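Subject: Structure handover

Hello,

I am passing this structure on to you. Please open it first, then read the notes below.

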Amino acid sequence: MTAQDVPLGPTVRAHVPLDPSIAPPGTRGFRDAGGIPADQWHADQNGETLVPTHCCFCGVQCGMYLRVDKGGKVFGVEPRNHDINRMRLCPKGINAYQQVNHPDRLTAPLMRRSRDEEFREVSWEEALDFTASEVRRIQQTYGNDAFGMLGGASLFSEKTYLVGKFARVALKTRHVDYNGRLCMVSAAGANKLAFGIDRAGNPFSDILLSDCLLIAGSNVGECFPVMTQYLWGARDRGATLIVIDPRETAIARTADIHVALKPGTDAAFFNAVLHVVVRENLVDEAYLAAHATGWEEVKEKVAEYPPERAAEICGIPASQVVQVARTFANAGKAMAWHARGIEHHSQGVENCLTVINLCVATGHIGKPGAGYGTITGQGNGQGGREHGQKSDLLPGGRSIMNDEHRRQICEIWGIEESELPPAGTSMMEMVWQMQRGEIRGLIGVCNNPFVSLPNYRVVKEGYDATEFHAQFDFFLSETAANAHVVFPVTTWAEDEGVMANAEARVVKHNKAQEPPVGVRTDTWVMCQLAQRLGTGDKFAFAGSREVFEELRTASAGTVNDYYGITYERLEETGGIAWPCPDIGHPGTPRLFEDGKTYHPDGKIHLQVVEWHQPMDPYDDDFPMSLTTGRTVAHFLSGNQTRRLGALVEQTPRPWVEVHPSHGFKNGDPVRVVTRRGSAVFPALVTEAIRPDTFFVPYHWPAPTAANVLTIDALDPRSKIPEYKVCACRIERADHVDEVPGPPVAPGHQAYPETQVSRTDILPPTAPQGRATAEERR
């Protein structure tokens, strides 16, 4: 069943025509309609409705149908023939619907006046009144900036817009940030520096046209499984695949060239690749002369990085540097995509800049099949940072420190410019401020820092030091379980709104069912709190549609222009890439086609990068590297996926990947020790990882949390933590650490399906790598 042919009844079939005159360039042959109006959603089965929407998880944003029974409840899912995913869903997407009516759902506000007390269920009035009174008490005692707010990049863009507005207008605080700070901000910083715009340069469909694909620091097969179809499509027509990753991931195993460099050495590697490009006269001098600045300075710097130097720094053969340079530069059309593997570093922005330098120097930019992209981790990782919940940004990607930008937003919001706070600090810096008593109260929306932030001990100390903490969630996360108030809010299937995927394509999520009794939308909760804080007139929103109309207006004329995007257009087209300045505009799926960027001079601003060592030094006690990442069955902090039986059964617990040279067998207890702490995991023995490197997935809480071990060092520009490399050692242990079950509300029992496999001491049965120790003996 396709999006154009959803049955409406016995004899009528809907068809949403596509106007080829407005098809975005480069995508005309690779798209479908995105859905049909809500009053016409029907299915073949009597009494069942199919609601077209998108997955709630990663930045691919696969199209799906939620199956709704005649009682109005979501009970299943079907893949949708949307042009993003073409009927494909990954394990998380297939199971996502099970969250909606899950027995662990929160259905009443939880409250306690002290962390020494147990939670009790209370009325909405009591929870809202108590929260507002605590906000007033803390701010009257310590000042407005003593209260902070943290949002999330899995929220609809309407809600991320509200988080930023609520913090600055209702709370009147400068301290607002979001968990995308842990995800995309290094890429954002690099894109802004080089191009003056923060988004991928090409749509996914351009991958199909490429002759050479370079994937840096992205485990596509597990973290963005459905995106793999694009890589396979390119490979089917002969494209060469280059993968840069310390691990031989599923996608690296299929590569023509796999560069297994040492974690934390990406900038040295890419500088050396560009060194070879210059040395062998593979530079597109004409393109650089016409479209770039800073090339001479970059060329002078990369002269200091011959392949032999990179080989020593990165722990790879020098010949691989030369091979990558020749393959990428000589390709007719080449593309580079990267993700957290090169971004989660204390020089994450600079790592991204070295990839940009390579693309631009070889002229592989702004063309069908040639360009540069960043793969967002969260569903709204792109849209979540565009409209104001990031500490330094206002809606439309405006700078909060720019006087004209401030004036524009204050006019839209109806406040005096003197009332708009300045820029705040980043998510991790806010935790440090909580530790020091500078931030005394906090509201969190759609985040779980107890699992997702680095250096768990510091995070726990920071949150414990707050006098008041409220959290919005639909499950009781580890972070919410430490709060004073927990507001039960809707899942993605119980509200409507937009997200922007990794291509910067804005897509529409549709409401499939009414929320459970006692549950409210995040929008409703923020509006209710605003009323109690005396700013209700600025938050008179009935729902997402009203918020989106204000967001459209607030973004008009900016780089992140959504003004021409409407809910109706999104349903008709299947998604529109911003900028889209007016209703007749088709959107902008591919940037830089005319060679111009969004800097005032229209040029690409190349940046000089000097490689430096990671922030956690190696020594005799900590001689090895620990790196972390995701696995296919789970998502981020696991608050959602660790409650879904099939996903828990597939991957019940974390493990540590170790090379056979260390002498372990599968399942042996291995203690991983860093300067922050230690944890014991079962060994997964594989030759698919460097002998000097260990990998632990991060979806579980303490004591089995990878983030018990990681360092809270930050990139000085993006303030992203250095998750991907810290110094460690390993030791033999007697037994593995037990995996805690997800928290549940008072009076509720843990859902049995998610408990069965947690005590399994063995690593996952699915092959994560090749050549186990047992196979070698």
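Start with the pockets. The largest one has a volume of about 370 Å³. Keep in mind that this is a predicted model. Helix α4, residues 185–195, gives the largest share of the lining, with 5 residues. By class, the lining has 10 charged, 8 polar and 7 nonpolar residues.

Next, helix α9. This helix runs over residues 295–302, and W295, V298, K301 and V302 are buried in it. Why do these residues share a side of α9? They cover an arc of only 125° around the axis, so they end up on the same side of the helix. What covers the buried residues of α9? The cover includes helices α7 (266–279), α8 (285–291) and α13 (348–361), along with strand β11 (292–293).

Q607 leads back to α9. This residue is found in the loop between β22 and β23 (624–629). Beyond its neighbours within four places in sequence, Q607 is in contact with L193, V298, L353 and N357. V298 is one of the buried residues of α9. Look also at Q607 and T628, which are 21 residues apart along the chain. Their C-alpha atoms are separated by 28 Å.

T490 is another loop residue to check. Its place is between β18 (485–488) and β19 (497–500). Is T490 buried or exposed? Its relative accessibility is 5%, so T490 counts as buried, the cut-off being under 20%. Leaving aside neighbours within four places in sequence, T490 is in contact with R105, K159, F474, D495, P515, V519, R520, T521 and D522.

Now the backbone. Two asparagines deserve a look. N281 has a positive phi of about 55°, although it is not a glycine. N455 also has a positive phi of about 55°, and is not a glycine either. N281 is found in the loop between α7 and α8. N455 sits in the loop between α16 (449–452) and α17 (456–465). Which way does each go, buried or exposed? N281 counts as exposed because its relative accessibility is 68%. N455, at 4% relative accessibility, counts as buried.

There are cis peptide bonds to find as well. One runs from W578 to P579, with omega near 0°. P579 is in the loop between β21 (576–577) and β22 (604–605). A cis peptide bond also joins A702 and P703, where omega is about 10°. P703 lies in the loop between β27 (693–697) and β28 (726–732).

Last, the record. An unreviewed UniProt entry carries the annotation "domain: 4Fe-4S Mo/W bis-MGD-type" for residues 48–104. In the model, this span is 9% helix and 32% strand. The C-alpha atoms at the ends of residues 48–104 lie 25 Å apart.

Best wishes

Definitions and conventions. Residues are numbered from 1 along each chain as its sequence is written. This is a predicted model: local features need pLDDT of at least 70, side-chain atom pairs count only at pLDDT 80 or more; totals for chains, interfaces and linings use all residues. Side-chain values use heavy atoms; hydrogens and water are left out. Buried means under 20% relative accessible area, exposed over 50%, partly exposed in between (1.4 Å probe, protein chains only). Helices (H or I, at least four residues) and strands (E, at least two) are DSSP runs, numbered from the N terminus. The arc is that of the directions from the helix axis to the C-beta atoms. Contact means heavy atoms within 4.5 Å. On a 1 Å grid over the protein atoms alone, a cavity is a set of points where a 1.4 Å probe fits but cannot get out, and a pocket is an open set with protein on both sides within 12 Å along at least five of seven lines; lining residues have an atom within 4 Å of a point. Grid points are joined across faces, edges and corners, and a volume is the space filled by probe spheres set on the points. Ala, Val, Leu, Ile, Met, Phe, Trp, Tyr, Cys and Pro count as nonpolar, Asp, Glu, Lys and Arg as charged, and the others, Gly among them, as polar. UniProt positions are given in the numbering used here, feature names are shortened, and annotations may be inferred rather than shown by experiment.
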